[in-house]
2 protein chains.
Amino acid sequence: MTRIWPALVLFALVWLPLSAQSAELRGTGDLGIIIERASGSVVIVDTTRHAILGRVTGLGDLSHASAVFSRDQRYAYVFGRDGGLTKVDLLTATVAKRVMQSGNSIGGAISDDGQLVAVSNYEPGGVKVFNSTTLELVADIPATYGEKAEMSKTVGLVDAPGRKFVFSLYDAGEIWIADLSEPAAPQVRKLKNAGNQPYDALITGNGRHYIAGLFGEDGLAHVDLWSDQPEVRKILQGYGRGEQELPVYKMPHLEGWAQADELFILPAVGHHQLLAMDARTFEEVGRIDVHSQPVFAVARPDGRQVWVNFAHPDNDTIQVIDVPSLKVVHEFKPGPATLHMEFTPRGHEVWLSVRDSDKVYIYDTRTFEKVGELDAAKPSGIFFTARAGRTGL
Amino acid sequence: MTRIWPALVLFALVWLPLSAQSAELRGTGDLGIIIERASGSVVIVDTTRHAILGRVTGLGDLSHASAVFSRDQRYAYVFGRDGGLTKVDLLTATVAKRVMQSGNSIGGAISDDGQLVAVSNYEPGGVKVFNSTTLELVADIPATYGEKAEMSKTVGLVDAPGRKFVFSLYDAGEIWIADLSEPAAPQVRKLKNAGNQPYDALITGNGRHYIAGLFGEDGLAHVDLWSDQPEVRKILQGYGRGEQELPVYKMPHLEGWAQADELFILPAVGHHQLLAMDARTFEEVGRIDVHSQPVFAVARPDGRQVWVNFAHPDNDTIQVIDVPSLKVVHEFKPGPATLHMEFTPRGHEVWLSVRDSDKVYIYDTRTFEKVGELDAAKPSGIFFTARAGRTGL
């Protein structure tokens, strides 16, 4: 009998590392990450239990960091400001892969089939595309423009249906649509004269409309991706800093734009207002006075409410807009530097990062009651795994 | 040294069952189930690898069975025809819980916070609500109506934002909105005179519009759930069998209704046509001639395409509609009794169950090429875990 002990010990030792993982056997549909900008780390959260499951460090410069998720919702791809691309395993709270893919980057996207991760770079300008499993480079799309073949910063990178990515060239004033059906030979359609200095963009949830904000002029650049011959047209000609060049403390984020039923609700630039834009005609149909200069206006997933935060020094405040009436129905002060909001997939709760309190607060969106809180070090972006199933997130 | 062997053996034995599970450590965002109606079983599938992971048996009568998912996307709740409610663990391919909750049921839903599972019953008529973790009954809403307090069959049960469920009373011609904020004391708003014999219903993806089909008269019943005083109004007065009482081989499913950008595309009743309805006005704006009597018209998640299947004896065929042009752009014959379609979350692939071939086929929605196939015994409904994050699915 004693002769089997050594075999059993060996067996136990082999199984130990796996067993350590088996404690984590769980679904991944209710997970998320919170960016801890100052410490270059992320915390992994369980959105059902309002709990922190782990912390992953060593992700580099996470200023303006964002993330997308693998289609199995096990992995987060975190895009750092320093060109770092990190694949985080949410189940084991470890770094699965990490590459320094450029010198300076901003934002990324994952293809509709989950196979390709694309990153938008400032230096050198362009978009690099990676195999989502291995993080091996599979395509490099330099943002070369003009007669001198200069390189442009790229911004506003999003995924679109049909294994496409769409992005804007800040210096060139162009919008490019890249078809990665054959990753080794990307087909790039270049739309020129898109406007002066596109600085950010969004794609509608159905993947049809790409809209870029312009830093260098008023108005927005719009592309209907359903068109056989997509072209740029200017919409909301009055949108922007205007002739008087209002002081703008922070250019509003376009990712936050809220599509609420038949309207877009978007932050005005400089003004203490939101604009309501008809989602079919892209024409302004109303304005809503708010507390200060809005930064993010984010729709609850059902589009019934829009939650708004504001630029410094008024960034301690949140207002909630009721969409049918276009009225502010709730206002409160979560705390200093309330930077980001993320809704649960069907919108019953919203998570807010309050950077200068080192807290993430969780609210019931129907009663507005606080239902939970977590400690995090200088939290900024919050990203939930349900994004894996959504276009443009 | 030998004295530690027994402790190690004990350790190994304790860990063994868990270790068996640890082989399954994986994300759950790309899982799904396929209903095997004839054998009362489901197969669990991996939609990334096009693979079957396991089979779970003993689920009873799965005619017309449907399923919803826990918010962590680990569990499927399968609603059987015989009143059986089964919670299936997708990671271990086992039955986690099972209750016989009525004598005869059809369909179910899960609340926006994932805490409550509701089931729609024929016998006795009404809706029962269960704790999603334990499957303990937490609320019973009998569908009592009229002066004699008769019991109605309930149909068209969906979830709505704010921990609500909406359903229709077939015999009573009523639509009920149940607020389960306090499960022990459901608040039920009863809309009477909803129409003659509502037989099925849908809710729009944003949770705003509830639309019930009527078996006993033409037209559809519509409720705007954003209204402070929701009421039923009749839309599409010409929709139905009409005065000539066309032969109808199968009443079309409303769950399948396709919202494609600014339109709903829905199966006509009796006619070889689809109707296009404006998504704002709910008025008919066009018709599309198709192969035979349509059963399901399902939009690809981006709304660019609508896939249609047909009633017996033409149920071997699929047609694909291009939404901008409202034209049939593709037609093919997967095989006899092509019953159900399920798209991947961002629509790059579609899975079709071909019952009489005992096959599930997988197609690329852009190229229409077959990219995979699986064996399943008389497959019918296909349900992917991404539904957990969507309203009304």
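A salt bridge is a side-chain nitrogen of Lys or Arg within 4 Å of a carboxyl oxygen of Asp or Glu. I kept that cut-off in mind while going through this predicted model.

**Entry 1: between chains.** I looked up Asp159(B) and Arg346(A). Their side chains meet in a salt bridge, at 2.9 Å from N to O. Asp159(B) lies in strand E14 of chain B, and Arg346(A) lies in the loop between strands E30 and E31 of chain A, so the pair joins two chains. I checked burial next. Asp159(B) is buried at 1% relative accessibility, and Arg346(A) is buried at 5%.

**Entry 2: a network.** I found that salt bridges with shared partners join Arg26(A), Asp30(A), Asp46(A) and Arg49(A) into one network. I then picked out Asp46(A) and Arg26(A), which form a salt bridge at 3.0 Å, N to O. Asp46(A) sits in strand E2, while Arg26(A) is in the loop between helix H1 and strand E1, 20 residues apart. Asp46(A) is buried, with 1% relative accessible area. Arg26(A) is also buried, at 14%.

Entry 3: Lys192(A) bridges to Glu174(A), with the closest N and O atoms 3.6 Å apart. Over all chains, the count comes to 42 salt bridges.

**Entry 4: a sheet.** I traced four strands of chain A in an open sheet, in the order E22-E23-E24-E25, with antiparallel pairing. Strands E22 and E25 are the edges, and each pairs on one side only. Five bridges join E23 to E24 in chain A. There I saw Leu266(A) opposite Leu275(A) in E24(A).

Note on methods
Residues are numbered from 1 along each chain as its sequence is written. Chains are lettered from A and ligands numbered from 1 in the order in which they are written. This is a predicted model: local features need pLDDT of at least 70, side-chain atom pairs count only at pLDDT 80 or more; totals for chains, interfaces and linings use all residues. Side-chain values use heavy atoms; hydrogens and water are left out. Two strands pair if DSSP finds at least two bridges between them. Buried means under 20% relative accessible area, exposed over 50%, partly exposed in between (1.4 Å probe, protein chains only).
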